[in-house]
Amino acid sequence: MSTDRADVSRARRPAGGRLLPTSAVVRWLAGTALVAGSVLVVVLVAGGGAPQPSPAGLPDAGQLTGWALPASRLVADLAGITTLGLLLAAAVLLPSPVEQLRWVPYRGVQLAVRTAGVWFLAVAVEILFTISDILGTPVQQALDPVLIRSFVLDIPQGRALAIQALMAVLLAGVARSVLTTRGASVASVLALLTLTPPALTGHSAAAGSHELAVASLLVHVLGASLWVGGLAGLVWAAVGGDGLRHAVPRFSTLALWCFVTVAVSGVVNAGVRLGSFGPLVTSSYGVLVLAKTAALVVLGGFGWWHRNRTVHQLDARAQTSSGAREDVRVFVRVAAGELVVMAATVALAVGLSRTPTPVGSVVNTSPAAELLGFSLPPAPTLARLVLGWTPDGFTLALVVLAGLLYAVGLRTLRARGVPWPVGRTVSWYAGLLVVAWATAGGLGLYSHVLFSAHMVAHMLLSMVAPIGLVLAAPVTLALRTLPGPRVPGELGLRQLLLAVLHSWPVRILTQPLVTLTLWVGSLYGLYFTPLFPALMNQHLGHVAMELHFLTVGCLFFWVLVGVDPNPQRWHPLARIGLLVAAMPFHAFFSIAIMSSATLLDGAYYAALHRPYSVDLLADQQLGGGIGWALSEVPILLVVAAIFVQWVRADHRESRRLDRTADRAQERVLRGDAGEAAADEPDELTRYNAYLAALADHESTSRRDGPHRR
Ligand code: HEM
């Protein structure tokens with residue numbers, strides 16, 4: 001049943017109407033803005049990020065730019081976080097029937113259209129003041145279209161801000177048309193993506209351990225935005241009169257994850273910039289980081305209060321409407337205070353991002369360090385390959401998250417007393433270990449500098465780790481542990497996952513021939529096109545290659561040996577056929593590399609000036625050889641796995657048939673043969689029925705002669 005705007009706007013208003021008058025909300029907003037603004041000013045002054053007049057003769061952007069730039073960043077952050085929060089509340093926090101958002105979540109989405117507009121404007125203003133700041137000219141002179149054009153097209157920071165501004169406009173447009181939780185979910189994901197571009201440039205990009213700095217800040221900003229935004233969305237809904245009985249427990253779980261994520265990623269990010277413990281107390285940057293830590297502890301206290309007081313109270317007295325509204329009022333008061341602390345912490349963070357870091361912008365001393373973002377590792381040894389490491393923040397964050405989510409799923413099943421094969425758990429963590437080693441371990445380290453190690457890492461990511469991951473049945477675990485609908489008609493998280501799994505993009509992506517094409521095509525599409533050099537020269541390009549190989553590997557091996565329910569599962573023989581079909585392509589690819597006389601990305605490897613494995617072509621050919629040899633192992637593993645699954649499936653089927661036949665036999669022995677045959681004919685019964693039909697047919701044709709039909 002399609003939903004239109006009229007339907008939603010006719011939706012039932014919450015009983016009892018708004019909890020607080022708009023004037024109270026406006027007063028709170030003004031107060032929070034004042035607190036956040038004051039914190040920003042104090043931090044800039046105390047941290048050394050406040051605008052200083054430039055020495056005579058040097059360009060000076062002026063006071064206006066010095067204050068307006070961080071202020072526009074703060075407004076952009078808070079507008080973005082609020083937009084995400086309002087959409088998140090409508091999509092997953094506040095229960096709504098599938099086909100149509102309820103009144104309060106719908107009003108929240110409508111408000112998100114406007115906050116996304118504020119977000120766009122704030123980022124646009126930030127672009128102008130950033131140009132003024134970089135050029136050291138007053139902002140009026142930055143209003144030059146040529147300057148703006150080259151800033152947003154040629155400068156990474158400018159590109160990131162321009163992309164964020166455009167995505168904010170797109171988001172406003174998408175949110176305008178949202179009428180269902182599905183629509184709100186899509187808009188929430190878009191809001192999360194819109195928060196990311198600035199985290200990929202700015203302070204982090206200039207820090208040492210580039211990938212770790214960028215990845216930890218990205219995870220940090222997303223964690224903080226989900227936490228702060230989620231709470232803002234809840235408070236907004238409560239003020240609008242929503243009961244929150246179902247929303248607060250769900251937010252509480254999300255908040256706990258965000259608290260841990262923000263703490264860990266914040267400490268990692270601060271660690272990269274501080275370089276050591278000393279500057280934590282000796283530098284203004286360090287002192288601000290301590291202030292943020294204190295803010296996190298305070299927010300942790302608020303979280304504890306909610307988990308031990310608010311959640312229970314809301315749940316206990318929701319039945320008796322008399323107390324419920326008062327409890328929501330108490331929740332709103334506490335949460336409103338919490339949000340002020342959060343807004344102040346975001347202001348502190350923006351001030352921090354304008355504060356000079358103790359390590360300063362790292363000046364890479366060698367072309368290799370410039371290219372790698374870390375210094376060239378010494379010649380590889382077995383010990384260094386096995387025990388070495390490189391801070392590849394993105395994949396490390398993914399591995400840790402995947403490990404934690406699987407553990408939470410196991411804990412949920414254990415709490416319900418539902419057994420889970422230990423083989424699957426071992427397989428999952430073994431797969432994650434391979435991913436961690438091939439990206440952030442010794443192999444990951446050398447995969448940046450040696451083509452041969454690069455090839456081994458990719459073989460492990462596209463062929464070995466996926467086997468472990470798909471044999472662990474992660475989708476089944478998720479379907480068994482994700483919460484279902486909280487109110488009748490709601491799209492629970494389990495239903496949301498099922499809807500995604502049955503969606504046409506997933507159906508196409510898991511089509512066996514499509515997975516084969518992606519798996520084999522990726523090798524040729526990457527290494528024999530300019531894509532490889534383009535990606536190898538970018539830190540994020542390297543991460544993109546790693547994630548791509550892992551993803552297409554998981555898709556291909558999920559089709560071949562995945563344990564999860566798969567509507568498009570082929571017969572074991574056909575699956576072996578699919579694997580055999582892939583082998584010549586793989587072998588040809590490796591032979592092509594082994595026999596190639598041209599370097600695939602000579603410029604990159606030459607620029608490293610490695611004092612070892614100096615023969616670049618020999619290293620490349622070694623990579624091809626290893627690729628070929630290595631590919632045999634997983635293929636044999638998979639053939640074995642398909643056979644084992646086949647035999648097991650056969651056994652299961654014959655056990656099922658036996659059970660059915662036994663049951664039918666029991667019924668026959670109990671004398672109710674007719675009934676047995678009627679409702680659950682076993683194979684034997686079906687076969688007898690077939691023979692009987694055959695006999696009937698023959699006797700009829702014999703009686704009536706050969707030509708009468
Ligand atoms: C242990 C506590 C925390 C630590 C160590 C920490 C550390 C950091 C660091 C080092 C940065 C990068 C600043 C830069 O670019 O130089 C940052 C940014 C950020 N932090 Fe935190 N943080 C912590 C807690 C929080 C909390 C509790 C929140 C929000 C409630 C938060 C929100 C943010 C935001 C939004 C940014 C990005 C600011 C921007 O550049 O626009 N952080 N944090």
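Reply: Start with a term. A crossing of two helices is called left-handed if the near helix is turned anticlockwise from the far one by less than a right angle, and right-handed if the turn is clockwise. Note also that this is a predicted model.

Me: How is the packing of two helices described?

Reply: Two packed helices are described by two values, the angle between their axes and the distance between those axes. Take helix α10 (residues 210-239) and helix α11 (residues 247-274): their axes come within 8 Å and cross at roughly 150°. Angles over 145 degrees count as roughly antiparallel, so α10 is roughly antiparallel to α11.

Me: Is the crossing of α10 with α11 left-handed or right-handed?

Reply: α10 passes α11 in a left-handed crossing. The residues of this contact comprise 19 nonpolar, eight polar and no charged.

Me: What is the geometry of the site of the iron atom of the ligand?

Reply: Ideal angles at a metal are 90 or 180 degrees for six octahedral donors. Here the site of the iron atom of the ligand is octahedral, with angles of 79 to 179° among its six donor atoms.

Me: Which residues coordinate the iron atom of the ligand?

Reply: His220 (NE2) and Lys292 (NZ) do, at 1.8 to 2.0 Å. Histidine 220 is in helix α10 and lysine 292 in helix α13 (residues 284-317), so the pair ties together parts 72 residues apart in sequence.

Me: Which residues of α17 meet α26?

Reply: Phe394, Thr395 and Leu398 of α17 meet Leu540, Val543, Glu546 and Leu547 of α26. By class, this contact has five nonpolar, one polar and one charged residues. The axes of helix α17 (residues 393-416) and α26 come within 9 Å and cross at roughly 35°.

Methods: Residues numbered from 1 in each chain as written. Predicted model: local features only at pLDDT ≥ 70, side-chain atom pairs only at ≥ 80, totals over all residues. Heavy atoms only, no water. Axes fitted to C-alpha atoms, helices over the stretch in contact; angles between N-to-C directions. Helix = DSSP H or I, 4+ residues; strand = E, 2+ residues; numbered from the N terminus. Parallel < 35°, antiparallel > 145°, perpendicular 65-115°, else oblique. Nonpolar A, V, L, I, M, F, W, Y, C, P; charged D, E, K, R; others polar. Donors = N, O, S within 2.8 Å, 3.2 Å for Na, K, Ca; no water. Tetrahedral: all angles 85-135°; square planar, octahedral: opposite > 155°, others 65-115°. Contact = heavy atoms within 4.5 Å.
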